[in-house]
Amino acid sequence: MTTPTDADGPRHRFFQRIEEAVRAGHVQCFLHGENVAGDWFFNGPLGRVRDLRESLAFQILHTQFRSWPRVATIRKTELRLYERDPDRLGGMTWRSLRNANDLEDALLGRSAPAASGGILGAAVEQRRRESAAQEDDRGHEGSPAVVNIEVFSRITRLMRSAPEPFAVVVEGLQWLAELFPGRQHALEWIEELDRWPGAGLEGWHLSVIVLSALEALEPYLGIRDRDLHAVYVGGPSVAELNATLERVRDSRGASGVLPVLTRPHWQRLASALKNKGFSLLNAAHKFHGFLEHWEATPPQERDADALVSRFVRELDPAIEEVLWENVFLPEITRRQIDHLFETFLNPGTERPPKGLLLWGPPGTGKTHIARALANRGGFYFQPLKLADLKGRFVGESGKNVQRLFAEARASSPTLMFIDEVDTIFGLRGGHNQDSFANDLVNQFLAETDGVDTTRQRILIVATTNRPDLVDPAIKSRLPPLEIGLPDEGNRRQMLRQRLAVVRPPLSEPQFEVLIDASAGLSGRDLDKLADDVGELVAGGHAAPEQEALARMRRRIRKDMETGAARIQLADERAGRGLAQVIGYEELKRDLREVARGACEPAPPDLAVLGIGTPNGILLHGPPGNGKTFLIESLAA
């Protein structure tokens, strides 16, 4: 059986950062994330999947560098105490508490834990065992705990008098603010937890506050200036998803024939679930359905490759699964990207790159390249949009950038993708620049400089059609790489692949007509051309290649009506010049005359009069009508 993870399972998603905080002297941590309270977590080495509360309790009780024998968890209507128990499967038990008195007795060790709870496995089994444990819990099944101000007063008192260190986990903040006379009082109590005597000393207490958004702490941050330690909890890593899917498959071993999945299969499944934002629990349910479909498929039709591809397509039909081997680029460009990516994965003695800036005409596959790289490395694909970044007020944009980088770090390895980067991180200092944009660029630069790619595993890929409009500081951190229009070799590869499914196939002369006439088309144009050919062949057209080219010409003319200069379909050997520009006949004639005059000496009779040849020309007109393209074509 192919095992996609190490024997001990993947590293816990966030607890290592809590340990680092405690080593640095913190006795309080804030966990935040959009779905942190409802998420599930993989806990190695036993391979159990637990909810946030049980996962935290397990990790705190079994951490190797500190001793917290008891963990109290507090919700709006529920109190629990978790304790070590080496005789049980996972080494811990839990019991419900009714009120502040129960909590004090439990933290002081004055009452023995009830024989309930234990380490829980799959989600259904967990719910069943929790229900059974609560029914046996001292006869108060179904009764909510009394969680009031007295509970929190006892905690602050016990933090000074308890003979042994303990940990407290508080889930939520809104209900806590409602419980106290005012929001400020609740936040002051949270701050009180961080003033425990002996803070940072060996074996002292620990408090963990769980909230959905760090913005809820804004009033708290103003109480006094101090170092707040917040840990962003992102979605499950690819390694967590891999390990969870493996456990799901093994759990069904007795119920049917299991598919033989290779490491690339596991990688594709986990990466697709990761990029769609699945929690571990939802991913497990989805994979159950995948296995049920496999068992229902007749043995002669079972194909692991086809089934994995179907599973990935069903997750997101709008996103094409892009593989690096299906990306066609000039050889030198491909080698440059390969070197950068391999250096990022295995830096060795070289300094790993932070990313790259892909620039070139529209439709040349820049987004395609970014997705292919993410799939190649099994990266979390994180697209950034202006709406995700720009806030309504000055200062909000910077916080949005911080949040997105926190998500990228929590989900690493991550490929952070910024399409049309010139619209987000444009030139600073221009007359159209505002303080929002400056705030955005400055914070992004600060976050980019803070990325240690050897540890945090964040690769930034940006794209643009206008590199001249991108802020120079961005380009200095993301080296630009041109992705130009496909050359003849790339056009052959693309059209061969796209037309391979056309039946009946085109003849070689028909195929050569397409190759010769498609010079100057982008990859997107070639896709449309191939679609047209397939449609025409299926319809029985006598000359599908000629009609497909005619359709492409009509599309180009329609583009011209909107003011966009386009290259005509022509033989690539004719070169790239003014003859390939549609329209502007009188202007092209004038441009040729100016260029010819600039390259030749003035006639003698004019030179005697002191009249020389013109050395330039000024083109003027509204934006987008092809002035730059005309000059580029004249130069060619």
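Contact here means heavy atoms within 4.5 Å. By that criterion, residues 24 or more positions apart account for 72% of the contacts in the protein with a separation of 6 or more. The model is predicted, so local features need pLDDT of at least 70 and side-chain atom pairs count only at pLDDT 80 or more, while totals for chains, interfaces and linings use all residues. Residues are numbered from 1 along each chain as its sequence is written, and side-chain values use heavy atoms, with hydrogens and water left out.

The protein has 25 helices and 14 strands, taken as DSSP runs (H or I, at least four residues, for helices; E, at least two, for strands) and numbered from the N terminus. Of its 636 residues, 48% count as buried, a term for under 20% relative accessible area, with exposed being over 50% and partly exposed in between (1.4 Å probe, protein chains only).

Two helix pairs make a friendly starting point. Two packed helices are described by the angle between their axes and the distance between the axes. Axes are lines fitted to C-alpha atoms, for helices over the stretch in contact, and angles run from 0 to 180 degrees between N-to-C directions. Helix H11 (residues 280–296) and helix H12 (residues 304–315) cross at roughly 140°, and their axes come within 11 Å. H11 and H12 are therefore oblique to each other; angles under 35 degrees count as roughly parallel, over 145 as roughly antiparallel, 65 to 115 as roughly perpendicular and the rest as oblique. On the H11 side, the contact is made by Lys 286, Phe 290, His 293 and Trp 294, and on the H12 side by Ala 304, Leu 307, Val 308, Arg 310, Phe 311 and Leu 315.

Two other helices complete the picture. In helix H16 (residues 396–410), the 15 residues should span 21 Å at 1.5 Å a residue, and the end C-alpha atoms are 21 Å apart, which agrees; the expected span is 1.5 Å times one less than the number of residues. The buried residues of H16 include Val 401, Leu 404 and Phe 405. Ile 190 lies in helix H7 (residues 183–193) and counts as buried because its relative accessibility is 0%.
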